[in-house]
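Please consider the structure shown below. The paragraphs after it lead through a few of its features in turn.

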Amino acid sequence: MPYSRGKKRCCPVESKTVVAFKPHDPDHPNNWSKFWKIFVLVTGANEVMNSTVGSSVTGGATDAIAREFNVTNQQILVLPISIFLVGYILGPLLWGPFSEAKGRRFPLLIAFLLYTIFMMASALAKSYPSLLIFRLLDGMAASAPIAIVGGIYADIEADSTARGRLMAYYMTATTIGPILGPLASGFLVDYSWRSCFWFGLAYAGISLPMVFLMPETYAPIILQKRARRLRKETGNPNIISPLDVGSQGFGRALAIHLARPLRMLFYEPITSCSCLYLALTYAIFYLYFQSYPLVFQGVYGMGPAKSGLCFLPIGFGAIVACVIFIWYDQFLSQAKSRNAKWAHNEEYRRLPLACLGGLLYVVAIFLMGWTAFPSVHWSVPALSGIPFGAGYLLNFMAMANYMADAYETYSASALSASACTRSILGALLPLATKPMFGRLGVNWGYSLVGFLSLGVTVIPFIFIHYGFRIRESSNFCQELKQLKKAGAQGLQTDRSVRRSNAISEIHVEAKDLENHK
């Protein structure tokens, strides 16, 4: 019989059978074959490359776009890149949580199709306002891989060392991608500025089949699909997945997931400080797309194509950072095998790389600022891109991995908060580049951003000393501990467990479902 609890009316719930993974279940992403893990790695990195190439694809075409649409305001000319990054602000607040509510594959597929459509629309734009609108929508779609791919890599690897290496490849793609944009547009702009967008569209079209073939990697959704299939095969409506236990409906679940990145940003010190650190690092990186032409075209008189080539040392620095990351992982593993005390400190797994990266980043900025003179060969400021690219990527690999390790299941929300905040600063700081450099000059303009970067380099050092206490006081980290404990012990109820070749099932009584709602 129905009964009332406060103002709500509830009905008794029948006992349910909750599907679960067997030990070494081949359907669990952790147990997939090497082929599928490599496929997921390559596809995810390729989607990120598409996104980041799209962000900077107008870098070498600014003057051509200005001539086409008769735009003379220098502030407005920065908008094709900045407005794309505004899309990066809005998109992750939807895509990251959406991926935790409905899985990784579906949001990525929809977003990539939209990205391809709006890239084509940008190439066909008939006015400057319409170009900016398409760039905004394209940025919102392109933000999905930035928000989700880190979570995908966390899905397929339980081992923190292997997961860290996957994240290193992912972050390398996010660094090299924006460099290819101005490099390609610098050469293509001789044909037409629209050729830059046709290049982006061609790259997206080549990548599309891989996106269609990307499997679902989010374990709770895989179990939900398994439960749905078993209900259909057996005719038993009482077979459910863990997501269905106490399910609140998609709308309410999505609202909770949408609020999670904001809650983590404002109430989780690890998230908020990491977001501040990465936001400034990211904003300075995109400031370089506006400041490089001021140096290499303004000071050294290069054309767009040759100026675009000066970005290559940044890409080389990113590759150096990836090698450093993998070497440090091996060094850490050897220290753990020797049972070195420091190696068992969670904060030493990632954060020393951010300490190194922060220092490299600051040195590179000052080196760029104080070697950019006509009397100094152009290769000297160009080569400052090597420590700049290495420092940038080390910062991102260390801090993003630290957040992924700290929050695991909730890593997509933490990374979404990071993507949102860094895109805000990444969209705004480039707008100030030309006025700031016009007033201060190239030397002191770079010095100003160098001092700002120096101010946040203390954050990883603080985490190394106080990170354990911060994690112990974190609500999300403690909730993760409880989830792990529950997963290891099962629901703390009377239950019978049946195992077969098809599924592993936990029988849950009605009263237990009521308690877990």
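The model is predicted, so local features need pLDDT of at least 70 and side-chain atom pairs count only at pLDDT 80 or more, while totals for chains, interfaces and linings use all residues. Residues are numbered from 1 along each chain as its sequence is written, and side-chain values use heavy atoms, without hydrogens and water.

Two packed helices are described by the angle between their axes and the distance between the axes. Helix H7 (residues 160-188) packs against helix H11 (residues 269-299) at an angle of about 15 degrees, and their axes are 11 Å apart. Because angles under 35 degrees count as roughly parallel, H7 and H11 are roughly parallel to each other. The crossing of H7 and H11 is right-handed.

Two loop residues come next. His24 lies in the loop between strand E3 (16-20) and helix H1 (34-56). Although His24 is not a glycine, its phi is positive, at about 60 degrees. His24 has a relative accessible area of 72% and is therefore exposed, a term that means over 50%, with buried under 20% and partly exposed in between (1.4 Å probe, protein chains only). Asn339, in the loop between helix H13 (312-337) and helix H14 (351-369), also has a positive phi, near 65 degrees. Asn339 counts as exposed at 56% relative accessibility.

Lastly, Leu448 lies in helix H18 (residues 433-456). With a relative accessible area of 36%, Leu448 is partly exposed. Leu448 belongs to a nonpolar surface patch of about 770 Å², whose members include Trp370, Phe373 and Trp444. Such patches are made of residues with over 30% relative accessible area and no salt bridge, with nonpolar side chains (Val, Leu, Ile, Met, Phe, Trp, Tyr) joined within 5 Å and like charges within 9 Å; a salt bridge is a side-chain nitrogen of Lys or Arg within 4 Å of a carboxyl oxygen of Asp or Glu.

Technical notes: Accessible areas come from the Shrake-Rupley method with a 1.4 Å probe; for residues, only the protein chains shown count as cover. Helices (H or I, at least four residues) and strands (E, at least two) are DSSP runs, numbered from the N terminus. Axes are lines fitted to C-alpha atoms, for helices over the stretch in contact, and angles run from 0 to 180 degrees between N-to-C directions. Angles under 35 degrees count as roughly parallel, over 145 as roughly antiparallel, 65 to 115 as roughly perpendicular and the rest as oblique. A crossing is left-handed if the near helix is turned anticlockwise from the far one by less than a right angle, and right-handed if clockwise.
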